[in-house]
Every structure is written in structure tokens, then in C-alpha cells.
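Colleague: I am new to reading structures. Could you walk me through one, feature by feature?

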Protein chains: 2
Amino acid sequence: MKNKSKDRSKEFIVRETEILRGITEKAELFSKSVVKGIGDDCAVLDCSNEYYQLAKSSTLSEGFHFNLKWSTPQQIGMKAIESAVSDIAAMGGLPRYALISIAFPSFAKNAINDKFINEIYKGINSAAKKYRISIIGGDLTSSEKIIINTSIIGLAEKGFLALRCNAKIGDAVFCSGSLGKSKAGLELLLRGMKGASIISHLEPKARLNLSRNLAKAGVNSMIDVSDGAAFEIEKICSSSNVRAVIYASNLPVSKSTKKDAERMGEDYIDFSLYGGEDFELMFTAGKNLLPKIKKYDVTAIGKIVERKHGADVVEIVY
Amino acid sequence: MKNKSKDRSKEFIVRETEILRGITEKAELFSKSVVKGIGDDCAVLDCSNEYYQLAKSSTLSEGFHFNLKWSTPQQIGMKAIESAVSDIAAMGGLPRYALISIAFPSFAKNAINDKFINEIYKGINSAAKKYRISIIGGDLTSSEKIIINTSIIGLAEKGFLALRCNAKIGDAVFCSGSLGKSKAGLELLLRGMKGASIISHLEPKARLNLSRNLAKAGVNSMIDVSDGAAFEIEKICSSSNVRAVIYASNLPVSKSTKKDAERMGEDYIDFSLYGGEDFELMFTAGKNLLPKIKKYDVTAIGKIVERKHGADVVEIVY
């Protein structure tokens, strides 16, 4: 079950990357204001002398990103905002506005009642308030399962924008907080077990304040960990045309994640590399930045090296 | 079947309005830049001296907005863009950027293949090119049925913005083009019949150029006809705190729509009042504007009068 779902998730990410490559090649840009279109955590638009505008649309799908068996509607709403804020954080930006579209079963035997929708919005509003995001629109539609789309608009100071494509050879690779905790929580839920990691799966939090500090400190590249650390560093490397060496023993994993993995007879390193939705930040920075950023909740996990013909883009050293 | 689906659609619109009222009351705005939040065709943001920025997120849901039995993937993609452009047109604005998120069955026995997704994007790109919209992002996700969310960002000159809430007592009510054609097409498809209206259902077109002309001419209020003319005029009246009298015999219905309705033994007035997705424009304007707008493809269908306590917000005179 576990490996199947990991493989499926990997398969989908590979396929998504492939389809997106085709889409990006064919998408035409009709405006000089587009600084970055498809291919980073947010689109970047040139809108004033001081700021870039950031825009991102992302989807939470019932049965894939949340499960009604264990998530409350408020938790689902909170996750919709945290997940979107995490994309703004990945650019070093600030979220400002969000549009929320919810498709839900409205008539069928599995109909969702209005109270449930209102509870989702309660979660959306509480998370939006925390980040001072104004909810400015969206729509409601019928569907067979619940699908929540969040479009978020934010801004980034022109000097501080952090893209995926600026990793430099010689950079150290860092990540914030701890990894694998959401995956450990999900696996506990799937097994009907209890444990400290569960709340990390049900109520993940974006790292907005930290990302602002890192962007201001001057990191070279940044991404948020929504698909799993191994996939995220691969995206940075592909965009920056470099290679990364990651030391698995350096990956930050909390005591409770280790304990929960152990109780399930699972490998916590696997959780930390391939588990999604931690919403931590992964970034690369020159060594001269170390004194500035070591005070933050970040861990060095590897290095950026030259791309080698025929070699994997990411090498994981166990 | 017909009445059931009409009642369902009406029921959903009433319910959506009710839920949205609750959401709007609870949504907090944290920025003075929000000129208009939830409650119009687009959100309006104050972003420069000359322009407002417009933003809208809307969803097409398989089985509700399109049916794989008769829509090609290209037509579905085109509709996603036309539907979003129609919301920008309703404000008198210009579309600039779009983010497309597609959720689709990726693994199950009803899996959609990559070619199908690429065909959807072919439709998206061809419609986007027509309007010079840059596709700047989005995502791909798994779901049980296809759900396409389009977030569109545009602009409107500050002098020309057309809101729902500015209908004035004494205004005439107009609508563009002809009504009921998409509904007639859908009903033909549901009955396995052929007819000229079918293409209007499968390939609806937004009225962007016309809306620009109307906004510049100085209409008081405007909305696009996506839910049916009767519902749209009700939205204008509710937002503007006025009442409308609509003369059913004045509703513009094309010869082919009349013919198709007749062949099905259906009432074309019903199609024109309650059929959705025509993407025509409905607007109100003072009588002094008549000379300026009569050259356009528009028809006067009623008038705006004072709100009467206890009376229906919209009176339809047959």
C-alpha cells in the first residue's frame, strides 16, 4: 500500500512535469510584463518600480490532498490557504489577496450541506486573517468530489525575489524546520494509529516569516517542499542547470517523526525525502551567507555542483 | 427531465447566492486597495493611477458545464477561456493573464491520457491567443472527474469600469446578441437531435469588443449572462437596490433558436430567460445613451424602476 502510493505520487509528479513541459513550450506570452510564466512556484509580473506581483493557482482534491475520514472542514480550509501561502513564501514574497473556488457534491446522495461549506470557509478565513490576506472572490460549483482551488496574488520587493533558477555551483543546500512529518502523519492515519505527526498532516503551516528573512538575507534560489524534498531539489537543479548532492544523514527529521516511523516499521529518511506537504522551505545560498542565516531554523543538507553528462541531476548520499 | 434540470440549476443558483452572502459577510478585507471584493463578476483592485486590476476565478466541472459525450477536449479548453473572458467583459475590462488548474482522473479506470490534456490546452491556447492572454501558471492534480479552474487577471480604465451595483431608476435594460441559444443546443444534445443551436452550446463566445465599446459609451451597470437572463437582471437589481420590469416579448431570440425550440416542443422564451452560458452582456443605461449605443448589437428588454416593498425584485411581463 505504502510503496504503491509513493510510486503513484512519484509517477504523477513525473507525468505532471512532462505535461507541463509541453504546455510551457506551447504557451505564448503576449505581454512584456511577464517576468516569469509557468515553471516557478508563482508567476511573476512586473507591475511597479518597487514590486513584482506574484500569482499562483493551486488545487486541493478530495481523496488526494485531504480525506473526509480524518480532516475537519475547517482543517481543509486552512490547508487551502497555507498551501497557497507556501507558494508565495517560496518566492520570498507576501500574500495579499485570494480567490477561492469550491466544487462540491450539491445534489447527489453524497451531497455536502451548507454548514460543511461554511465550516471550510471558517478555516479559510482564520488562516487568511493570520496572514492578512483579503478574500476577494471565487465561485461555487457542483462536482462529484470536493475540489478547492485557491488563487493567490501577492508581491515581492524587486531586490528580494527568490526564483528556482538561480542556484549557483558552490552553493550549500538548506532546508527549514523538519521533513517527513506530514507523510508520517498520513501513514499513521491510513493505519488507524495515533501519534504526534498526525497534526502536521492535518494542519500544515507555511513558513512565511522565515522565507521573508531568507529572501532579505539574499539566498540564491528557493522552493517550498510540497512534493517531497527529493523532487523539490530536482526542480531547483533542472531550472538552474546544476546538480545537487544531498547527504541523507543531514536531513532534519524531528524526534517525533522518527518515533512514529519506527512504530510503523518505516524508514524516516524515506519519509523526509519523498513525503509531500511539509511546506518547509528548501533553498541554496553561497557560503558567505552562512553567518547571516545560521540563526534561523535551517539545516545544511547538501551542495550544488556542476551538471555531469549522463549523471542523475540529484545524487543522494546515504 | 427539462424542468428538473432547470429547477436544479435554479436551486443551485439560489443556494450559491445564500452561501455567498454568508461568506461575504464574514470575509475580512485587510487592504485598502480592494475596491470591490466578492459580489461582482470580478474583484477590483486599485493598482495604479490609470487602471484598476480585475481578478476572477471560475470553474468548469465535468457533467455540469461540459459533457465528454459531445464536447471535444479543445472545445472544453476554449470554453474555459471564453467563460473567464466573459467575466472580464462584464466589467468593461481587458483580459491580460490567466492561470489554469486542471484536476483529472489520472490513474483510475476512467483515466484521461496526456493527449487529452494536451488537446484541452490546445483549445485554451487558441482562445487565449485570440484575446492576447498570457497563460502564466496553474497546476495539474488528480480527481475523479475533470475540473478546470481558470483564474484570470485583467485591467479596466478607471473611467470605464462597469459594476453591477450602479443601475439607476429610469435606466433602460439591454442585452446583447441573442439569448437561449446555448440552452437550446444543450437540449438538442440531451435528446440526441441535431440543430443550429448546438454549436452555441459547445463553442460559446465572450463579447469582449462589444463590452469595451459599451463601457466607453458609459453604461451604468453591466453583467454577463452566464446563469440565465432572469438571474442576471436579479443580481443587478439586488446589487443596485432597484427593481426591473422585463418584457418577455422583447427578449432577443434568434430564428434558429426559435426553430430548434419549436422542434423540441419547448418554449423559446423559457430558454432565453433561464438558459445559461450565452455569455451575452446585460446592462442598464440612461436614455441619453441611446443614440450612442443603438448602432451596436443590443436590444432594449425592459426598464429599471423603484424597489417596492414586498414585490419581486424582477417582474417579467409576458
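Colleague: How many bridges join β8(B) to strand β10 of chain B, and do the two run parallel or antiparallel?

Modeller: Strands of a sheet pair through backbone hydrogen bonds, either parallel or antiparallel. Here five bridges join β8(B) to β10 (residues 280-285) of chain B, and the two run antiparallel. Two strands count as paired if DSSP finds at least two bridges between them. Strands are DSSP runs (E, at least two residues) and helices are runs too (H or I, at least four), numbered from the N terminus.

Modeller: Two cautions on the source. This is a predicted model: local features need pLDDT of at least 70, side-chain atom pairs count only at pLDDT 80 or more, and totals for chains, interfaces and linings use all residues. Residues are numbered from 1 along each chain as its sequence is written, while chains are lettered from A and ligands numbered from 1 in the order written.

Colleague: What is the strand order of the open sheet in chain B?

Modeller: The six strands run β8-β10-β7-β11-β9-β12, with mixed pairing. The edges are β8 (221-225) and β12 (314-317) of chain B, each pairing on one side only. The twist averages 25° from one strand to the next.

Colleague: Which helix packs on this sheet?

Modeller: Helix α6 (residues 208-217) of chain B does, touching β7, β8 and β10 of chain B. Its direction makes about 10° with that of β10(B). Axes are lines fitted to C-alpha atoms, for helices over the stretch in contact, and angles run from 0 to 180 degrees between N-to-C directions. Contact means C-beta atoms, placed from the backbone, within 7 Å.

Terms used:
Contact = placed C-beta atoms within 7 Å.
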